[in-house]
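Good morning, and thank you for coming. Please look at the sequence and the structure on the screen while I speak.

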Amino acid sequence: MSGKRILVVEDGITMRMFYQDVLGRAGFVVEEAANGVEGLEKVLLGGFDLMIVDINMPKMDGYELVSRIRREPSLQAIPVVTISTEAKDADASRAYAVGANFYIVKPADPVLLVETARLLTGAQA
Amino acid sequence: MTNPLLARFIPEARELLQVSASGLLKLERNPTDETAINEVFRAVHTIKGSSGLFDAVALTRLVHAAEDLLGEVRSDALQIDSSLVDMLLDSLDQVGQWIDELERRSALPTDADGVAHRMAAQLRQRLGAQDQDDVPDDAPADGAPQGADPAPDGDVATLPPGFLARLSAPACLDAFRRACGGQAVHLVRYAPEPGCFFNGTDPLQAIQQVPGALALDIAAAEPWGPLEDLDPYQCNLHFSLLTAAPRPEIEQAMRYELDQIIIAPVRPRDLVRIEGEPSDGPIWDDFREAASAFLAAGRHDDLRKAVGALRSVAGPTLWRRQALDWLEAALSAAQPDPALVAALVAAAGSGRFDPAPAAPAPAAPAPAPAPQPAPQAADPRQELARSVLASQHRALEQAGYDADRLASVGTVVGNVLLSLGRDADRIAIQAAFEAAREARSVAPVLSALSAVLDGAPLHRTEAAPALPDALPPAFEEAAPVAGAKEPEGRIAPKSLKVDQAKIDLLMNLIGELVVSKNALPFLAKRAEETYASREMSREIKEQYAVIDRLAQEMQGAIMQVRMLPVSEIFDRFPRLVRDLARKLGKRIDLALEGEDTAADKTIIEALGDPLLHIVRNSLDHGLESPDERRAAGKSATARILLKAREEADSVVIEVQDNGRGIDPVRIRAAAIAKGVIGQEEADRLSDQEAINLIYRPGFSTAAEISDLSGRGVGMDVVLTTVEKLGGQVSVSSRLGEGTTTRLALPLSMAVTRIMIVEAAGSLYGVPMDMIVETVRVPRERIRMIKKAETFVLRETIIPLLRLSRLLHLPDQPRGEADAAVLVCHVNGRRVGLIIDNFREGMDVILKPLEGVLTGLGGYAGTTLLGDGRVLLVLDLRELL
């Protein structure tokens with residue numbers, strides 16, 4: 001049980017449940033936000049070890065959210081994984097450009113997701 | 001449905017489908033509506049993303065195609081028009097049906113793949129040719145659990161299970177030889193519509209028209225089921241045809257069934273079927289050695305010779321000998337497929353055929369765009385770590401020096417190395433980061449990262465931790481994982497989705513509670529009368545007051561939960577009106593107002609049909625065609641407004657149209673012609689009363705019944721339904737200007753306030769909303785007019801009826817005492833009901849009559865009295 005805290009920003013309710021289940025089972029504490037604005041509000045409260053951000057979201061999309069996070073001095077060090085259904089390299093490139101640390105193509109394999117979360121938070125298996 | 005993730009997905013998908021459909025309609029009206037396109041795109045996108053979590057490849061494929069199309073619309077590369085909207089709506093409808101199917105059976109129907117291919121292809125046709133190439137490359141779908149075939153299944157046919165086994169060996173070999181020789185071999189899968197016999201289609205004859213047939217297989221589309229349920233008029237067959245004909249010829253032969261077939265090329269290796277007896281011996285080993293050497297050197301001629309030599313000596317019934325036959329066929333091609341030849345050489349050598357021996361590793365879960373580093377593919381965790389580090393390298397390279405960017409990269413690199421237990425590297429990297437900040441350059445970090453990436457496999461200093469084999473594949477019904485260990489201060493979820501059935505159960509329970517608590521006053525009475533304990537009686541009454549208040553509050557709270565916005569039903573209308581308007585050739589603008597107005601779910605649900613009927617009626621009879629409207633000096637586009645608002649304790653819904661209005665003269669004439677009323681009654685009616693005639697049973701003004709509103713039900717059904725809900729309907733109309741139909745319904749109908757009355761020695765309940773007042777009328781004021789009893793109440797003559805007679809019960813002689821009269825408002829008239837006595841009023845939950853009593857007219861239902869007796873509640877409308 002790592003107890004590391006992950007903020008999942010994702011508009012799909014099923015996807016959120018998926019993250020809760022997969023990451024929660026692996027011992028992470030998962031919090032959710034349903035869009036970019038909510039995600040920004042929550043992450044500003046602090047205390048997260050990792051953010052998983054969906055790209056295509058209402059109100060504020062993932063690119064915008066990540067770039068705003070990176071402009072926030074207190075959030076510059078937080079690892080951010082972006083997730084999208086787009087497998088195109090251009091999308092990944094854009095994610096890295098705005099400040100993402102890793103790019104995963106949806107639907108994420110549960111094992112991959114957990115391992116990514118462990119690696120990026122420094123958690124032990 | 002045991003998968004809670006799927007249970008969550010289904011309502012989400014339905015909601016998103018609804019959003020998409022209404023967005024598309026908005027878009028059709030206003031193609032430049034940016035909000036609408038974004039909304040639709042995102043909804044479809046979310047469905048696609050979530051659907052990838054389930055074994056629903058066909059659904060994902062179709063949604064993906066729709067999303068791509070919408071993406072083009074969003075980026076203005078494609079102009080949206082009605083036919084496009086039609087196509088998209090059809091696709092969404094199909095997805096909706098699949099969602100229903102997923103809910104029922106947790107799986108898509110067997111024909112889903114075919115349907116998805118066909119519909120997706122139609123959608124993609126609109127995308128234009130340049131995108132055709134990457135069409136079947138369904139990235140998200142491929143991650144979903146699928147069959148064992150790692151190849152993308154978009155352009156290649158997957159043979160139905162057991163297909164080859166049902167073919168003769170020579171047929172297989174023949175097909176294989178052709179396929180290897182570069183002649184495309186296609187599999188045609190034909191799923192005739194179940195009702196095809198009725199359009200004169202003979203599916204067997206149809207498929208036999210396809211030229212170049214190599215083999216045909218016919219199988220049941222769905223399991224046959226018990227004989228007694230068999231419907232011989234439904235076609236339950238699937239045809240699979242292997243043919244050497246080129247695609248255009250197949251399409252030509254099946255041109256009338258194109259929407260029911262899928263044509264896909266078959267790979268030679270999928271056609272291989274080797275049979276025979278096992279054998280062993282040194283000649284096979286020798287062959288394997290020699291053949292492998294020839295193969296490696298690309299010496300196909302020598303290989304052919306070796307095969308020919310061995311074939312001539314090996315017994316023809318042996319498995320390995322058969323393998324040689326296939327190998328020979330594969331080698332007979334001008335350009336033999338090396339992988340296939342290698343596989344067959346291995347088969348002849350080893351006695352087992354593996355269709356893809358050295359196939360490239362299937363798409364690993366590694367993120368596609370991340371650079372795929374070093375080939376030590378041993379440990380997926382190591383691979384992933386490399387990939388993560390490589391991504392940091394890439395991000396830094398891309399961004400150049402940026403102190404802010406360096407921060408998160410530093411965290412990630414540190415964490416990865418920490419997680420892997422590579423402390424030495426971690427220290428080195430940390431130093432590199434320090435150096436980078438000082439030098440204001442990413443170079444030190446990049447080179448340190450490269451060193452780590454190029455170095456030995458990223459091994460932990462001690463034993464590497466094993467990857468978890470796999471996460472539990474199914475999400476069991478277990479409690480949400482995070483629940484137990486959430487830190488304090490977690491923000492509570494804003495809303496909760498609850499199954500309706502659970503709320504209904506709660507509602508029933510609270511109903512029982514309300515009824516049971518009614519027993520307490522009786523208990524108090526008994527304590528006082530039977531046990532002579534006034535003290536006890538008082539205490540019970542006090543407790544009763546508390547329980548009563550709590551029960552009421554609880555009931556109120558649950559009622560709130562049951563409230564649904566009228567948008568639940570309003571949202572169906574844009575689509576409906578659009579479709580009907582097109583069918584009727586009318587131009588109609590539908591506007592919705594007050595969709596947020598909420599009412600009890602029972603009301604909302606029951607409201608759908610009457611509202612539908614009113615709107616249909618308006619479309620059908622009320623609104624004119626564009627030409628008629630222009631001729632009348634109106635705008636060509638007619639308008640319907642659906643409006644909801646809350647008024648006191650009721651929800652009012654209005655359907656307004658600006659059509660031709662109702663002509664009272666025509667209504668009168670029609671009513672007389674149909675025998676609904678007589679001539680003199682017609683003359684007496686005011687215009688408004690004439691208009692109200694449309695609610696009389698058996699009335700319909702349309703000369704012929706149209707297929708929209710004329711379904712054998714008239715507006716009288718609207719009236720009945722609404723009145724059953726305790727509501728009222730009124731209609732007002734101005735000739736040439738339009739009609740407004742107004743429905744007023746109670747906000748909630750779970751609790752009925754009734755008055756208990758005595759008649760013929762029994763107790764009955766009468767709904768309070770029917771009662772106007774209660775009066776005691778002295779005998780002498782009851783007058784006889786003709787043969788009916790009446791009395792005058794504030795200068796109005798009120799007819800009197802005896803409840804006991806209406807119930808066919810004997811009168812209770814009451815002597816000369818005043819008559820107890822319940823003045824009621826029923827069917828638009830005032831009536832006095834003579835009863836024996838009035839009793840208290842109470843709130844009850846009405847239970848409908850069940851079983852054989854259902855057909856009993858005159859009763860609205862039953863309820864339990866506090867002392868356990870059953871009270872019949874009267875339905876005065878039916879009784880009078």
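Predicted model: local features only at pLDDT ≥ 70, side-chain atom pairs only at ≥ 80, totals over all residues.

I begin with chain A, where the axes of helix H2 (residues 36-44) and helix H3 (residues 62-71) come within 9 Å and cross at roughly 25°. Helices (H or I, at least four residues) and strands (E, at least two) are DSSP runs, numbered from the N terminus. Axes are lines fitted to C-alpha atoms, for helices over the stretch in contact, and angles run from 0 to 180 degrees between N-to-C directions.

Residues are numbered from 1 along each chain as its sequence is written, and chains are lettered from A and ligands numbered from 1 in the order in which they are written.

H2(A) and H3(A) are therefore roughly parallel to each other. Angles under 35 degrees count as roughly parallel, over 145 as roughly antiparallel, 65 to 115 as roughly perpendicular and the rest as oblique. H2(A) passes H3(A) in a right-handed crossing; a crossing is left-handed if the near helix is turned anticlockwise from the far one by less than a right angle, and right-handed if clockwise. On the H2(A) side, the contact is made by A:Gly36, A:Gly39, A:Leu40 and A:Val43, and on the H3(A) side by A:Gly62, A:Glu64, A:Leu65, A:Arg68 and A:Ile69. Contact here requires C-beta atoms, placed from the backbone, to lie within 7 Å.

How do H4(B) and H5(B) run relative to each other, roughly parallel or roughly antiparallel? Their axes come within 10 Å and cross at roughly 160°, so H4(B) and H5(B) are roughly antiparallel. This crossing is left-handed. B:Met87, B:Ser91, B:Gln94 and B:Trp98 of H4(B) meet B:Ala112, B:Val115, B:Met119, B:Gln122 and B:Leu123 of H5(B).

Next, the sheet. In chain B, 6 strands form an open sheet in the order E14-E18-E19-E17-E16-E15, with mixed pairing. Two strands pair if DSSP finds at least two bridges between them. E14 (771-777) and E15 (783-785) of chain B stand at the edges with a single partner strand each, so one side of each is left without a neighbour in the sheet. From one strand to the next, the twist averages 40°. Within this sheet, E16 (residues 788-793) and E17 (residues 796-802) of chain B pair in the antiparallel sense over 4 bridges, and B:Thr790 stands opposite B:Pro799.

The loop between E16 and E17 of chain B holds B:Arg794. B:Arg794 has a positive phi of about 40° although it is not a glycine. Is B:Arg794 buried or exposed? B:Arg794 has 5 C-beta neighbours inside 10 Å and counts as exposed. The rule is that a residue is buried if 20 or more other C-beta atoms lie within 10 Å of its own, exposed if 12 or fewer, and partly exposed in between, with C-beta atoms placed from the backbone.

B:Asp76 also has a positive phi, of about 65°, and is not a glycine. B:Asp76 is placed in the loop between H3 (57-74) and H4 (82-105) of chain B, and is exposed, with 9 other C-beta atoms within 10 Å.

Key: Contact = placed C-beta atoms within 7 Å.
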